[in-house]
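Subject: Structure for you to look at

Hello,

I am handing over the structure below. My notes on what was found follow it.

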Amino acid sequence: MIRSMTAFGNARADLEQGTLAIELRSVNSRFLDLYFRLPDELRHVETPLRELLTTNLARGKVEIRVSFTRAANADLSKLDPAWLDSLAEQLQAARRIIPDIASPRLAELFNWPGQRGNDALDPQIWGAACLQAAQQALTQLQEGREREGERLAGMMRECADGVARVVDIVHAHLPQLLADHRERQAAKLRESVESAFPGGFTHISGAELSERLSQEANLFALRIDVAEELSRLRSHLEELRHLLSDGGGKPAAGKKNAGSAGKRLDFLFQEMNREANTLGSKAGSMEVTRAAMDLKLLIEQMREQAQNIE
């Protein structure tokens with residue numbers, strides 16, 4: 001399955017102590033880069049989150065944001081009398097040494113660390129909830145990557161069909177190209193002989209002339225023979241269609257993945273571009289030159305799309 005590197009996923013978990021929310025944002029990157037934005041109370045879940053993401057993602061710059069909102073606690077609307085007695089005793093002890101210490105205000109008492117001591121997050125409960133929400137967000141992220149990847153694959157398939165049409169046109173044009181060159185070469189040779197030796201054809205036998213024309217034609221045919229380049233382009237197109245349908249293959253036993261489809265596509269387009277350059281350098285007519293330019297344009301369009309493939 002071809003996947004894009006651009007996607008978004010989010011999820012939430014509701015607990016007695018509050019609500020936890022997680023967001024995953026993924027964009028293009030050469031490797032897998034993870035950036036965590038976690039509150040201090042949930043910093044302990046970074047390691048299991050990292051393990052979860054590295055197991056399921058191959059490439060992309062992924063930003064992980066986690067936040068939580070505490071639930072309203074009815075118990076905090078009342079002050080613990082025993083706690084107040086203890087606090088008053090400590091205040092009196094402090095005033096015996098520093099007499100001018102002011103009494104705390106009521107709002108300060110409600111937010112006093114001792115008063116909120118029972119409101120601390122339970123690491124085990126919140127950690128498990130965070131991982132559960134992360135799995136849901138990751139599933140959403142992967143589904144978005146697959147949808148976008150299928151759209152990118154469709155665009156590349158259209159370009160691949162265009163490359164195939166250009167290759168067929170060039171292949172069909174080669175016999176005519178060689179025939180046209182033979183005619184031009186024969187005319188040029190006649191002009192050269194007539195210019196050097198007026199009436200010189202009376203001194204050259206038909207067999208000699210035919211042999212010279214054949215030699216020139218063969219040399220030109222070797223120079224403009226692009227059958228090998230066309231064959232390799234067809235082979236690359238078959239591999240491209242295989243990658244787009246298979247996504248690089250299934251992972252082998254004990255391995256996370258069979259390789260990055262995006263990196264394999266990038267290498268494949270480099271090879272296709274090399275064949276198009278060779279085709280252009282061997283061009284013996286304007287038609288082949290235009291075909292080479294069309295090939296390079298189509299290959300570049302596919303390469304740009306592949307930059308977003310995982």
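Which residue stands opposite Ser26 in S4? The residue opposite Ser26 is Val62. The rest of these notes puts that pair in its setting.

This is a predicted model, in which local features need pLDDT of at least 70 and side-chain atom pairs count only at pLDDT 80 or more, while totals for chains, interfaces and linings use all residues. Residues are numbered from 1 along each chain as its sequence is written, and side-chain values use heavy atoms, with hydrogens and water left out.

Overall

The protein has eight helices and four strands. Helices here are DSSP runs of H or I with at least four residues, strands are runs of E with at least two, and both are numbered from the N terminus. In order from the N terminus, the elements are β-β-β-α-β-α-α-α-α-α-α-α. Of the 310 residues, 35% count as buried (under 20% relative accessible area, with a 1.4 Å probe and protein chains only). Among contacts (heavy atoms within 4.5 Å) with a separation of 6 or more, 79% are between residues 24 or more positions apart.

The sheet

The four strands form an open, mixed sheet in the order S1-S2-S4-S3. Two strands count as paired if DSSP finds at least two bridges between them. Strands S1 (7–15) and S3 (32–37) are at the edges with a single partner strand each, so one side of each has no neighbour in the sheet. From one strand to the next the twist averages 15°.

Strand by strand, the pairing is as follows. S1 and S2 are antiparallel, with nine bridges, and a hairpin of two residues joins S1 to S2. Asn10 has Glu23 in S2 as its bridge partner. S3 and S4 (residues 60–70) run parallel and are joined by six bridges, and Tyr35 stands opposite Glu63 in S4. Helix H1 (residues 46–56) packs on the sheet and touches S2 (18–27), S3 and S4. The direction of H1 makes about 150° with that of S3.

Helices H7 and H8

The axes of H7 (residues 261–281) and H8 (residues 286–306) come within 9 Å and cross at roughly 170°. That makes H7 roughly antiparallel to H8, a term used for angles over 145 degrees. Axes are lines fitted to C-alpha atoms, for helices over the stretch in contact, and angles run from 0 to 180 degrees between N-to-C directions. Residues making the contact include Leu265, Phe269 and Met272 of H7 and Leu295, Ile299 and Met302 of H8.

Two residues to look at

Ser4 is in the segment before S1 and is buried, with a relative accessible area of 0%. The Ser4 side chain makes a polar contact with the side chain of Asn308 at 2.7 Å (a pair of N or O atoms within 3.5 Å; within protein, one must be able to donate a hydrogen and the other to accept it, and residues adjacent in sequence count only if both atoms are side-chain atoms). The side chain of Ser4 also reaches the backbone nitrogen of Thr6 at 3.0 Å. Leaving aside neighbours within four places in sequence, Ser4 is in contact with residues including Arg145, Leu152 and Glu310.

His173 lies in helix H4 (residues 123–196). His173 and Ser285 are 112 residues apart in sequence and 9.8 Å apart in space, C-alpha to C-alpha. Not counting residues up to four places away in sequence, His173 touches Ser285, Glu287 and Val288.

Regards

Key
Parallel < 35°, antiparallel > 145°, perpendicular 65-115°, else oblique. Buried < 20%, exposed > 50% of the residue type's maximum accessible area, 1.4 Å probe, protein only.
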